[in-house]
Amino acid sequence: MRAIDTGDTSWMLVSTALVLLMTVPGLALFYAGMVRRKNVLSTMVQSFGICCIVSIVWMVLGYSLAFSTGTAWIGDASRFFLRGVASQFHQGTDGAFTLGAGTPAETPMTIPESVYLMYQMTFAIITPALLTGAFAERIRFAGLCVFTILWSLLVYAPVAHWVWSPLGWVAGLGAVDFAGGTVVHINSGVAGLVCALMIGRRYGLKRDDMSPYNLAYAIIGASLLWVGWFGFNAGSALGANGRAGMAMLTTQVAAAGGGVGWMLVEWWRHGKPTALGIISGVVAGLVAVTPAAGFVLPGGALAIGLIAGGVCFYSAAVLKTRLGYDDSLDAFGVHGVGGIVGALLTGVFAYGPLSATASNPVGVSGSWAQLGRQAEAVGVTIIWSVILTAIIFWLVDKTVGMRVSSDEEQMGLDLAQHGERLN
């Protein structure tokens, strides 16, 4: 039995808690602050409900499908119900495990499998929670629950396996994704756009007042997301090491760049920088640096953040209006578009020595060839997410129902779906 590294394990335990913080309470508050008063509780409950549902789905099936050996396309059933996770325990002490054990691509870890699977669980939780922002204020809770189960298993788990499993076919192409640009952000953002198009626009859009109920909630939520993102990105180094330190630094720099980039474009276009705009820009910078965090230097991270801030402003404030779709809280505009920007720019700004190993002494460096690999990964993620999300949405809509009635929507989802409301 190979001994675990206690320093690496300690950092991964902290990172796991930080990523969970991103969903509850971070995303719950961020989204709740941007909806109308009558939908605040239901919006927060969606994040909490998804956290509960996906935790169980991940334990029963999801982890095994995403990270057991299996094939290049999907994992096998060896870890269903987390069978074998305790197999390395001896006299009360757990040992380090090997991802992809028994294959030519096996990857020895310095942490217990329980910690690794729990860390990955927090990613599986936040991804479907992110896409709820695209159809906020009009979704049936029962439909969302069923959709979340199917989407987690049929969309998220396969893409996670393709990109992060040692045997994954997308990883085999040479495309890289340090912490979830394709797996989390493009996947959820594109799925959110599909759902927004299929569910239709909110009742009274462009006629009724759709102003956010409480931007202070949104600012607090964005602040929690910012702090939690250090676990998201620096934790993806899977140890307390220099690469984790660099990923933390690039995360901070890109977040600042995203906030400034959005603020400057909004200031120039509308004459005032808004609170909602600045926090949206920070999130855009965080999203865009996610695939790049462990591959780029601070200068590259700043460029990624600034570019993402400006591009995501355009997608959320201009493109959405021109095309007429109702991406309520800009799940696609920030996460989908920001993820695409970051994944592609990773192929431009990657600095080889950060990822160099004994078997690959030059590491991953920015080049036309790497940009092409990144584009291929972006393309296959978009295609899979669009097709499978559309099928799942259609099936759930025809059986359980995905949208509330117009009367329930006007009443508000707090009362209509949960029988509660803010005092």
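Is Gln91 buried or exposed in this structure? At 74% relative accessibility, Gln91 counts as exposed. Keep in mind that this is a predicted model.

## The loop between H2 and E1

Most residues other than glycine have a negative phi. Phe81 also has a positive phi of about 55° without being a glycine. Phe81 belongs to the loop running between helix H2 (40–67) and strand E1 (98–99). With 55% relative accessibility, Phe81 is past the 50% cut-off and therefore counts as exposed.

Gly84 is another residue of the loop between H2 and E1. Its relative accessibility is 33%, so Gly84 counts as partly exposed. Which residue lies 29 residues from Gly84 along the chain, with its C-alpha 9.7 Å away? That is Glu113.

Helix H1 covers residues 6–32, and Pro25 is part of it. If you're checking omega values, look at the step from Val24 to Pro25: this peptide bond is cis, with omega near 10°. Most peptide bonds are trans.

Leu29 is in helix H1 as well. Its relative accessible area is 16%, under the 20% limit, so Leu29 is buried. What does Leu29 touch, leaving out residues up to four places away in sequence? The list is Met44, Tyr217, Ala218, Ile220, Gly221 and Leu224.

Helix H3 spans residues 113–131 and includes Thr127. Thr127 has 0% relative accessibility, so it counts as buried. Setting aside residues up to four places away in sequence, the contacts of Thr127 are with Trp151, Tyr156, Val183, Val184 and Ser188.

Helix H4 runs over residues 141–164 and isn't straight: at Ser152 it bends by about 40°. How many of the 24 residues of H4 are buried? The count is 18, so H4 is largely enclosed by the rest of the structure.

## H8 against H9

Next, some helix packing. Helix H8 (residues 242–270) packs on H9 at an angle of about 135°, and the two axes are 7 Å apart. That angle makes H8 oblique to H9. The crossing of H8 with H9 is right-handed.

On the H8 side, the contact uses Thr250, Thr251, Ala254, Ala255, Gly258, Gly259, Trp262, Met263 and Glu266. H9 contributes Gly277, Ile278, Ser280, Gly281, Val282, Gly285, Leu286 and Val289. By class, the contact of H8 with H9 splits into eight nonpolar residues, eight polar and one charged.

## H9 against H10

H9 (residues 275–289) also packs on helix H10 (residues 298–323), with an angle of about 125° and axes 8 Å apart. H9 and H10 are therefore oblique to each other, and their crossing is right-handed.

From H9, the contact takes in Ala284, Gly285, Ala288 and Val289, while H10 supplies Ala301, Ile304, Gly305, Ala308 and Cys312. These residues divide into seven nonpolar and two polar, with no charged ones. Gly285 and Val289 of H9 turn up in the contact with H8 and in the contact with H10.

## H6 against H12

Helix H6 (residues 181–199) and helix H12 (residues 368–399) cross at roughly 40°, their axes coming within 8 Å. H6 is thus oblique to H12, and this crossing is right-handed.

Which residues of H6 meet H12? They are Thr182, Ile186, Asn187, Val190, Ala191, Val194, Cys195, Met198 and Ile199. Their partners in H12 are Ala377, Val378, Thr381, Ile382, Ser385, Val386, Thr389, Ala390, Phe393 and Trp394. The contact of H6 with H12 has 14 nonpolar residues, five polar and no charged.

Note on methods. Residues are numbered from 1 along each chain as its sequence is written. This is a predicted model: local features need pLDDT of at least 70, side-chain atom pairs count only at pLDDT 80 or more; totals for chains, interfaces and linings use all residues. Side-chain values use heavy atoms; hydrogens and water are left out. Axes are lines fitted to C-alpha atoms, for helices over the stretch in contact, and angles run from 0 to 180 degrees between N-to-C directions. Helices (H or I, at least four residues) and strands (E, at least two) are DSSP runs, numbered from the N terminus. Angles under 35 degrees count as roughly parallel, over 145 as roughly antiparallel, 65 to 115 as roughly perpendicular and the rest as oblique. A crossing is left-handed if the near helix is turned anticlockwise from the far one by less than a right angle, and right-handed if clockwise. Contact means heavy atoms within 4.5 Å. Ala, Val, Leu, Ile, Met, Phe, Trp, Tyr, Cys and Pro count as nonpolar, Asp, Glu, Lys and Arg as charged, and the others, Gly among them, as polar. Buried means under 20% relative accessible area, exposed over 50%, partly exposed in between (1.4 Å probe, protein chains only). The bend at a residue is the angle between axes fitted to the seven residues ending there and the seven starting there.
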